[in-house]
Amino acid sequence: MEETDVIVLLQAQHGMIRDLFDEVERAPEERRGEAFSRLVRLLAVHETAEEEIVHPYARGRIDGGDAVVADRLAEEGEAKELLSQLDEAGPDAPDFLERLLVLRAAVEAHARSEERYEFPQLRARTTQAERRSMAAGVKAAEAMAPTHPHPGTESAAKNVLVGTPIAMMDRVRDVIRQVMGKNP
């Protein structure tokens with residue numbers, strides 16, 4: 001898989017996200033928490049990286065970039081809110097699977113919109129070198145991104161301002177949960 005192109009990288013992550021939703025939905029109750037933790041982490045870091053690297057670039061490069069990015073950020077905000085509620089309630093909540101399906105629908109609609117409205121224009125208006133550079137930026141942003149959703153941080157500026165402290169707190173919380181025998 002050519003993950004040095006940011007669009008290929010993000011589309012591959014969209015596939016991984018769909019697969020993790022499948023895994024969470026099919027997992028027996030006693031193993032659902034582990035799969036859900038991986039889904040939460042991937043969604044949190046994926047969206048943060050898009051907000052920090054891809055959307056600002058798209059805003060200035062694609063036709064109607066401000067409107068396209070504003071729509072994607074609104075979708076991300078909705079999904080982060082749903083994910084945050086699910087993450088708080090945990091996979092043992094009685095309505096977990098129903099709420100997970102609502103989240104999945106929102107996340108998949110968002111991914112389809114990116115793949116339809118943002119990515120093709122980005123591919124057409126960037127060079128291979130620019131897409132490689134963005135892929136490296138996405139990977140770096142993901143390495144420093146929060147591991148849990150934080151609604152209200154759907155912009156590059158907010159992610160840069162609060163992202164690192166939040167990411168550190170998330171990672172500490174993950175370690176504490178792991179030590180205490182709970183899923184991160």
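How many residues apart in helix α3 are R72 and E75, and about how many helical turns separate them? They are three residues apart, so about one helical turn lies between R72 and E75. The legends below start from the whole chain and come back to this pair. This is a predicted model, in which local features need pLDDT of at least 70 and side-chain atom pairs count only at pLDDT 80 or more, while totals for chains, interfaces and linings use all residues. Residues are numbered from 1 along each chain as its sequence is written, and side-chain values use heavy atoms, with hydrogens and water left out.

**Figure 1. The chain is built with six helices and zero strands.** From the N terminus on, its elements run α-α-α-α-α-α. Helices (H or I, at least four residues) and strands (E, at least two) are DSSP runs, numbered from the N terminus. Of the 184 residues, 47% count as buried; here buried means under 20% relative accessible area, exposed over 50%, and partly exposed in between, with a 1.4 Å probe and protein chains only.

Figure 2. The buried residues are E130, R131, M134, A135, G137, V138, A141 and E142. Why does the length of α5 agree with expectation? Its 17 residues (128-144) should span 24 Å at 1.5 Å a residue, and the end C-alpha atoms are 25 Å apart, which agrees. The expected span is 1.5 Å times one less than the number of residues.

**Figure 3. D5 and R131 meet through their side chains in a salt bridge, at 2.7 Å from N to O.** A salt bridge is a side-chain nitrogen of Lys or Arg within 4 Å of a carboxyl oxygen of Asp or Glu, and the whole structure has 13 of them. D5 sits in the segment before α1 (6-26) and R131 in helix α5, so the pair ties together parts 126 residues apart in sequence. Both partners are buried: D5 has 11% relative accessibility and R131 has 10%.

**Figure 4. R104 and E25 form a salt bridge, with their closest N and O atoms 2.9 Å apart.** Because R104 lies in helix α4 and E25 in helix α1, the pair ties together parts 79 residues apart in sequence. R104 is buried, at 13% relative accessible area, whereas E25 is partly exposed, at 28%. A network of salt bridges links D22, E25, R26, R104 and E108.

Figure 5. R72 is buried, with a relative accessible area of 4%.

**Figure 6. The largest cavity has a volume of about 80 Å³.** Closest to its centre, among the ten lining residues, are L43, E47, A79, K80 and L83. Helices α2 (29-61), α3 (65-89) and α4 (96-124) each supply at least two lining residues, and α3 gives the most, with four. The lining has seven nonpolar, no polar and three charged residues. The structure holds three cavities of 30 Å³ or more. On a 1 Å grid over the protein atoms alone, a cavity is a set of points where a 1.4 Å probe fits but cannot get out; lining residues have an atom within 4 Å of a point. Grid points are joined across faces, edges and corners, and a volume is the space filled by probe spheres set on the points. Ala, Val, Leu, Ile, Met, Phe, Trp, Tyr, Cys and Pro count as nonpolar, Asp, Glu, Lys and Arg as charged, and the others, Gly among them, as polar.

How values were computed:
1 Å grid on protein atoms, 1.4 Å probe; cavity = no way out; pocket = protein on both sides within 12 Å on 5 of 7 lines; lining within 4 Å.
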